[in-house]
Amino acid sequence: MPVNNQKIAENISALAKERGITVKQVLKDCKINPNFKYDLEHGSSPSIDKITRIAEYLGVSTARLLEGADGEVSALLVLYEKLSDSAKEELRAYMKSLIEE
C-alpha cells in the first residue's frame, strides 16, 4: 500500500500552524529543501530521515506525522523510534546499502 503523501503534507501544515510557524520555517530549520511539501503533494516519496527531522522539530512522533498516511509505514516508524541512536545509524546505513545494490 503506498504512502499517502498528501496526508503527510496536510499533517505537516496543520502541526506547523498549531505551533504558530510556517511550513517554510519548519523546512528551513530542518535544513530540508523548501520544495519538500510541494514534492510530497506531487508524488515524491519522503525519506525516513526527513520525516524524522520534521517530527522531532515539531515535537511529535513520526507515527503522528504519518497518521492516516499508511498503517504499515507508521508501525515501522514507531519501532524505529524505539531504537538507540547507534542502532538507528546502523539501520540507516544498512538501508542505504540495500538501495545501492
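Student: Is Lys 31 buried or exposed?

Tutor: In this predicted model, Lys 31 is exposed, with a relative accessible area of 70%.

Student: Where is Lys 31 found?

Tutor: Lys 31 sits in the loop between helix 2 and helix 3.

Student: What is phi of Lys 31?

Tutor: Phi of Lys 31 is near 55 degrees, which is a positive value in a residue other than glycine. Most residues other than glycine have a negative phi.

Student: Let me step back to the whole chain. How many helices and strands does the protein chain have?

Tutor: The protein chain has seven helices and zero strands. Along the sequence the pattern reads α-α-α-α-α-α-α.

Student: And what share of the residues is buried?

Tutor: Of the 101 residues in the protein chain, 30% are buried. The accessible surface comes to about 6,500 Å², and carbon and sulfur atoms account for 54% of that surface.

Student: Which contacts join residues at least 24 apart?

Tutor: Taking the contacts between residues at least 6 apart in sequence, 57% join residues at least 24 apart.

Student: Now helix 1. What should its 14 residues span?

Tutor: Helix 1 covers residues 5-18, and at 1.5 Å a residue it should span 20 Å. Its end C-alpha atoms are 20 Å apart, which agrees with that expectation.

Student: Which residues of helix 1 are buried?

Tutor: The buried residues in helix 1 are Asn 5, Ile 8, Ala 9, Asn 11, Ile 12, Leu 15 and Ala 16. Seen down the axis of helix 1, these buried residues fall within an arc of 160 degrees, so they line one face of the helix.

Student: Why would residues three or four places apart point the same way?

Tutor: An α-helix has 3.6 residues a turn, so residues at that spacing point the same way.

Student: What does the face turned away from the buried side of helix 1 carry?

Tutor: That face of helix 1 carries the exposed residues Lys 17 and Glu 18. As for the buried residues of helix 1, what covers them includes helix 2 (23-29), helix 3 (36-41), helix 4 (48-58) and helix 5 (62-65).

Student: What caps the N-terminal end of helix 1?

Tutor: Asn 4 caps that end, with a side-chain oxygen 3.1 Å from the backbone nitrogen of Gln 6. After helix 1 comes Gly 20, whose phi is positive, near 75 degrees.

Student: How many residues are in the largest nonpolar core?

Tutor: The largest nonpolar core has 21 residues, and those with the most contacts inside it are Ile 12, Phe 36, Ile 51, Ile 54, Leu 58 and Leu 65. Helix 1, helix 2, helix 3, helix 4 and helix 6 (71-81) each supply at least two residues of this core. The largest share, five residues, comes from helix 1.

Student: What does Ile 51 touch?

Tutor: Not counting residues up to four places away in sequence, Ile 51 touches Ile 8, Phe 36, Pro 46, Thr 62, Leu 65, Leu 66 and Leu 77.

Student: Is Thr 52 buried or exposed?

Tutor: Thr 52, found in helix 4, counts as buried at 10% relative accessibility, because buried means under 20%. Leaving out residues up to four places away in sequence, Thr 52 touches Thr 62 and Tyr 80.

Technical notes: Residues numbered from 1 in each chain as written. Predicted model: local features only at pLDDT ≥ 70, side-chain atom pairs only at ≥ 80, totals over all residues. Heavy atoms only, no water. Helix = DSSP H or I, 4+ residues; strand = E, 2+ residues; numbered from the N terminus. Buried < 20%, exposed > 50% of the residue type's maximum accessible area, 1.4 Å probe, protein only. Contact = heavy atoms within 4.5 Å. Areas by Shrake-Rupley, 256 points an atom, 1.4 Å probe, with all protein chains shown as cover. Expected span 1.5 Å × (residues − 1). Arc of directions from axis to C-beta. Polar contact = N/O pair within 3.5 Å; in protein donor to acceptor, adjacent residues only side chain to side chain. Core = buried A, V, L, I, M, F, W, Y, C linked by side-chain atoms within 4.5 Å.
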